[in-house]
Amino acid sequence: MKFGIVVFPGSNCDHDAYHVTKHVIGQEAHFLWHGDTDLAGSDCIILPGGFSYGDYLRCGALAKFSPVMREVAAFAARGGPVLGICNGFQVLLETGLLEGAMLRNASLRFVCKHVHLRVEETNTPFTRLIARGRVLRMPVAHMEGNYYADEETLKRIEAEGRVVFRYSTPDGQIDAASNPNGAARNIAGICNGARNVVGLMPHPERASEAALGSDDGRAMFDSVVAACAGGRLAESVA
Amino acid sequence: MKTHRVRVIVTLKSVVLDPQGQAIHQVIDGLGTAHVQDVRQGKVFDLALDAESPQAALLTAEQLARNVLSNPILETFACSLQ
């Protein structure tokens, strides 16, 4: 399958995503320049981390007007799998492909460390190979990861099972101490109603090789490969 | 067509936590020279835009404020002709 990794001016985690998709899990991968409108037959779109447009105005606010985003939105509307990582998640929120918004971290600090996430939902292309409740360890590096939505939206997202990842302790407890940024309900990642668009603040592409400290994130890329292979697995693998 | 100046002020909705405003508030408290109840930080955009009339300029500014300059989930805005 083919991964398309969007590159905005200021994206800086595009190469990590390319490395994992091409060299670690062995699929086709290419970069999609933000000014182009050709997704080049990609089967999965990744919006990588970084500082698109320098985070000017608001994180992800200017990137949403890039020509490529019209095509990404159309691709998502057709059911194509889209993964937004960190700044990519922020772009998806600003574009409205995912609900909610990001505030500055409650601590007012740029948080750069490994965190634990509990996988809440396995019914997305990026988590279908991961057992529900499994805890993944991967790094965050952000200043604006404080996920916010009004109460009505939060209730609806929760009720529809669209909170995909929650910050947790290593053994899967949800508490304030494990929340690195003040995000509502420890939300680290969510999906859309159709469940094909997923955004998360942590970086699975920096946790896909044991040599980097954790390869827990690799399962997300393996999952979407399986999803695009068309076959439905009989059961999730831990 | 004339060039009109419109000022757009974007502020966080009152229900949204403002940690930056709180940090500023703490520092002001530390000065001990003023008794401040609350501080919330916003943004000012000054637009110089071409329009047929001041009213048209305001309308355009409101559109830009809604679609670009503010995030309606978090923020409200006010436009005024300068």
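A polar contact is a pair of N or O atoms within 3.5 Å; within protein, one must be able to donate a hydrogen and the other to accept it, and residues adjacent in sequence count only if both atoms are side-chain atoms. This is a predicted model: local features need pLDDT of at least 70, side-chain atom pairs count only at pLDDT 80 or more, and totals for chains, interfaces and linings use all residues. Residues are numbered from 1 along each chain as its sequence is written, chains are lettered from A and ligands numbered from 1 in the order in which they are written, and side-chain values use heavy atoms, with hydrogens and water left out.

**Exercise 1.** Work out where B:Glu75 sits and what surrounds B:Glu75.

Solution. Start with the fold: B:Glu75 belongs to strand S3 (residues 75-81) of chain B; strands (E, at least two residues) and helices (H or I, at least four) are DSSP runs, numbered from the N terminus. Next, burial: B:Glu75 has 10% relative accessibility, so it counts as buried (under 20% relative accessible area; exposed is over 50%, partly exposed in between; 1.4 Å probe, protein chains only). Now the polar side: a polar atom of the B:Glu75 side chain lies 2.7 Å from the backbone nitrogen of B:Asn71. Finally, leaving out residues up to four places away in sequence, B:Glu75 touches A:Arg58 from chain A, plus chain B residues including B:Val10, B:Lys43 and B:Leu69 (contact means heavy atoms within 4.5 Å).

**Exercise 2.** Which residues of helix H4 (residues 151-159) of chain A are buried, and on which side?

Solution. Pick out the buried ones: A:Thr153, A:Leu154 and A:Ile157. They cover an arc of only 100 degrees around the axis, so they share one side of H4(A) (the arc is that of the directions from the helix axis to the C-beta atoms). Just after H4(A), A:Gly161 takes a positive phi of about 65 degrees.
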